[in-house]
Amino acid sequence: MSIKIYNTLTRQKEDFKTLEPGKVKMYVCGPTVWSTIHIGNARTFLFFDVVRRYLTVKGYEVLFVENFTDVDDKLIRKAHELGWTVPQVADHYIEAFKRDTAALGIQPADVHPRVTDHMAEIIQFIEKLVDRGVAYVADGDVYYRVSSFPGYGKLSHQSIEDLLAGARVEIGEKKENPLDFALWKQARPGEIAWESPWGPGRPGWHIECSAMAMRYLGETLDIHAGGSDLRFPHHENEIAQSEALTGKPFARYWMHTGHVTVEQEKMSKSLGNVLDVRDLLRRVRPEVVRFWMLSTYYRNPVQYSEVLLEQAASGWERIQTTLRNLGFRLSQGSDVTDAVAGEQREAHPSILDVIRELEERFDREMADDFNTADALAVVFDAVKELNRYLEQRDAATPALEAWKRLFTRWDDILGIFSFEEQAADEDQEIEALIAERQAARARKDWATSDRIRAELQARGIVVEDTPQGVRWYRKSKGKSIE
């Protein structure tokens, strides 16, 4: 089944074809590490984690690069506020990023390059642009000459005239043209700086990603991705400077996630409606956060509200309840002998056909531009079918195992399911209380039975009486990532 990707550059879905068969070179613009990440940042990192997982499951060898911008105006201001050095600020928030993303089940990139480790490549890149006449030096600053690149505006689908109408020159800038952008910034007194042919300074934001992406992935990438706010000017400028240097397409596919909205407004620090990931995870399980974000097609805005989070938690719990029931039935063994199970499979192969059809439907949705929203609809159809099957007294172990393989494969992609083992340190005590409750029920001592159930509930233990016996599990919780 071929994979289709919506390419921001062409505004259409295209068949996914990599430069090298079986290999994917993928770059996602990472964080500027001056603060902890909010849920808007997290949506981008989480979604492209799923893209990477899916491509890997489909057999691709994915080289995934995600940068850290560890020097810029925001870090310099934060360092001044805290009385730290810029590297101290960067180190602190890089560790925070790693903790927060790990808590969300986001797998680390294969390479996390830092700007400050790649000054030689960045300076060399700028020198070549100056030598070619597409960049110019102005009193210690270096700017890219946008008029030298005929394709400028092709990613954001804006004309030069439209862009000029909204452009402005900041105080202190020495541009030939309002659209020109900084490749190198002359250091102000007391600022962190590196030596260069144009004097001490530091890189502009856009040149960093081009230099680091090419360093690890080559002159043309398969996928370049980020949030929708990066289309212009960041990604537009990356294209201009990279293609001016190499004469080749910088990326075959450009992908962008929609933003997070709060009460129909885009989340932003200026509106005061920003929610950090770690604050959310104190109250909500990471799997529920993933479920909520993946329930919306990635190119569309995702709405945040407490009501929507509660709905996501309810939907996720429905899936988890079914998976717990599946695990319980598997732990009890088949209610039929192997011989009968074999006859059952021969006589009733339909359940395996249902599983295969569900797997194919899920793959079709994911192959259609990684449509996790519709893929989750398939998951809920699978939950309904599995619940029907679990109601059967003679459910066969091979079929139960096929169901578990299906959900395990889906979890390898979505990272939202939890096949939890009970915590061994409390198991014996819980089992003893449940046995005591069962004995009380047997002698019709309902007061004792109710007291024990209430005690278990207060400890976060859910007890269910099923035809196969009593089963229990711990209620879902948020987690601390301090």
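Q: What percentage of the 482 residues in the chain is made up of buried residues?
A: Buried residues make up 51% of the 482 residues. Buried means under 20% relative accessible area, exposed means over 50%, and partly exposed lies in between, with a 1.4 Å probe and protein chains only. This is a predicted model, in which local features need pLDDT of at least 70 and side-chain atom pairs count only at pLDDT 80 or more, while totals for chains, interfaces and linings use all residues. Residues are numbered from 1 along each chain as its sequence is written, and side-chain values use heavy atoms, with hydrogens and water left out.

Q: What does the secondary structure of the chain come to?
A: The chain has 16 helices and 15 strands. Both are DSSP runs numbered from the N terminus: helices are H or I with at least four residues, strands are E with at least two.

Q: What share of the contacts with a separation of 6 or more comes from residues 24 or more positions apart?
A: Such residues account for 76% of those contacts, where contact means heavy atoms within 4.5 Å.

Q: Are Cys-29 and Cys-209 buried or exposed?
A: Cys-29 has 6% relative accessibility and counts as buried. Cys-209, with a relative accessible area of 1%, is buried too.

Q: What makes E1 and E2 a pair of strands?
A: Two strands pair if DSSP finds at least two bridges between them. Four bridges join strand E1 (residues 4–7) to strand E2 (residues 12–15), and the two run antiparallel. Tyr-6 has Lys-13 in E2 as its bridge partner. The hairpin has four residues between the strands, and Arg-11 there takes a positive phi near 60 degrees.

Q: Why are H1 and H9 called roughly perpendicular?
A: Helix H1 (residues 39–57) and helix H9 (residues 286–294) pack at about 85 degrees, with their axes 10 Å apart. Angles of 65 to 115 degrees count as roughly perpendicular, under 35 as roughly parallel, over 145 as roughly antiparallel and the rest as oblique. H1 and H9 are therefore roughly perpendicular to each other.

Q: Which residues form the contact of H1 with H9?
A: From H1, Ile-39, Ala-42, Arg-43, Leu-46, Asp-49, Val-50 and Arg-53 meet Arg-290, Trp-292, Met-293 and Leu-294 in H9. By class, seven of the residues are nonpolar, none polar and four charged. Ala, Val, Leu, Ile, Met, Phe, Trp, Tyr, Cys and Pro count as nonpolar, Asp, Glu, Lys and Arg as charged, and the others, Gly among them, as polar.

Q: Where are Asp-369 and Lys-444 found?
A: Asp-369 is in the loop between helix H12 (350–367) and helix H13 (372–390), and Lys-444 is in the loop between helix H15 (424–442) and helix H16 (446–458). Asp-369 has a positive phi near 60 degrees without being a glycine. Lys-444 is not a glycine either, and its phi is positive at about 60 degrees. Asp-369, at 0% relative accessibility, counts as buried, whereas Lys-444, at 59%, is exposed.

Q: Which residues is His-206 in contact with, leaving aside its neighbours within four places in sequence?
A: His-206 is in contact with Phe-181, Pro-233, His-234, Asn-237, Glu-238 and Gln-241. His-206 lies in helix H6 (residues 205–217) and is buried at 9%. Its contact Pro-233 lies in helix H7 (residues 231–246) and is joined to Phe-232 by a cis peptide bond, with omega about 5 degrees.

Definitions and conventions: Axes are lines fitted to C-alpha atoms, for helices over the stretch in contact, and angles run from 0 to 180 degrees between N-to-C directions.
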